[in-house]
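Student: I would like a close look at one part of this model. Please take me through its surroundings step by step.

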Amino acid sequence: MSELGALQRASTASRRRGGVQRRLNMPVAEASTLAAPQPFADGPPAVRFRRPRKAAPALRPEPVDRTPPPPVFHPLAYRSVVAAWSLDARERWGRRSNELEDEGLSWRDAETQAFVEVWNHLRREGGFADPGPC
């Protein structure tokens, strides 16, 4: 006998019979498990199952709010000065402010620009004296 023949195991009937079932450690199926199921006398049982829950949305980290806080608007300082002007000067200021706003400026910018223009005009004409130190 050669050395190769001595190293091989002899093939037995129990090894061949097991096949896949033996490798998976499954017992050989019995005849009773292969029989057809018997119908229920009262009809099929009520199907009771739990409905699967919907998946919760994925948790995302809260985005950091990077918008700056809204600006704080203080009362416009020039309005108290405009209140002391004559009716003619106030009307000129209002009309010029409306013109600037129609050109595309915001109402705040239009009022401020109109105030500067009318103020300089009144100072040049001498119709309004600069306020003295308080």
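Student: Which residues is L105 in contact with, leaving aside its neighbours within four places in sequence?

Tutor: L105 is in contact with L100 and A110, once neighbours within four places in sequence are left aside. This is a predicted model. L105 sits in the loop between helix 4 and helix 5. L105 counts as partly exposed, because its relative accessibility is 35% and buried would need under 20%.

Now take the two partners. L100 and A110 both belong to the largest nonpolar core, a set of 12 residues. Among the other members are W85, W93, F115 and W119. Helix 3 (78-83), helix 4 and helix 5 (107-125) each supply at least two residues of this core. Helix 5 gives the most, with 6 residues. In general, nonpolar side chains tend to be buried together in soluble globular proteins.

A110 has another partner to follow. S97 touches A110, along with E111 and A114, not counting residues up to four places away in sequence. S97 lies in helix 4, which spans residues 87-102. S97 is buried, because its relative accessible area is 5%, and the cut-off is under 20%. A114, like A110, is listed in the core.

Step back to the whole chain. The chain has 5 helices and 0 strands. Of its 134 residues, 11% count as buried. The chain exposes about 12,900 Å², and carbon and sulfur atoms supply 57% of that area. Among contacts between residues at least 6 apart in sequence, 44% join residues at least 24 apart.

Methods:
Residues numbered from 1 in each chain as written. Predicted model: local features only at pLDDT ≥ 70, side-chain atom pairs only at ≥ 80, totals over all residues. Heavy atoms only, no water. Helix = DSSP H or I, 4+ residues; strand = E, 2+ residues; numbered from the N terminus. Buried < 20%, exposed > 50% of the residue type's maximum accessible area, 1.4 Å probe, protein only. Contact = heavy atoms within 4.5 Å. Core = buried A, V, L, I, M, F, W, Y, C linked by side-chain atoms within 4.5 Å. Areas by Shrake-Rupley, 256 points an atom, 1.4 Å probe, with all protein chains shown as cover.
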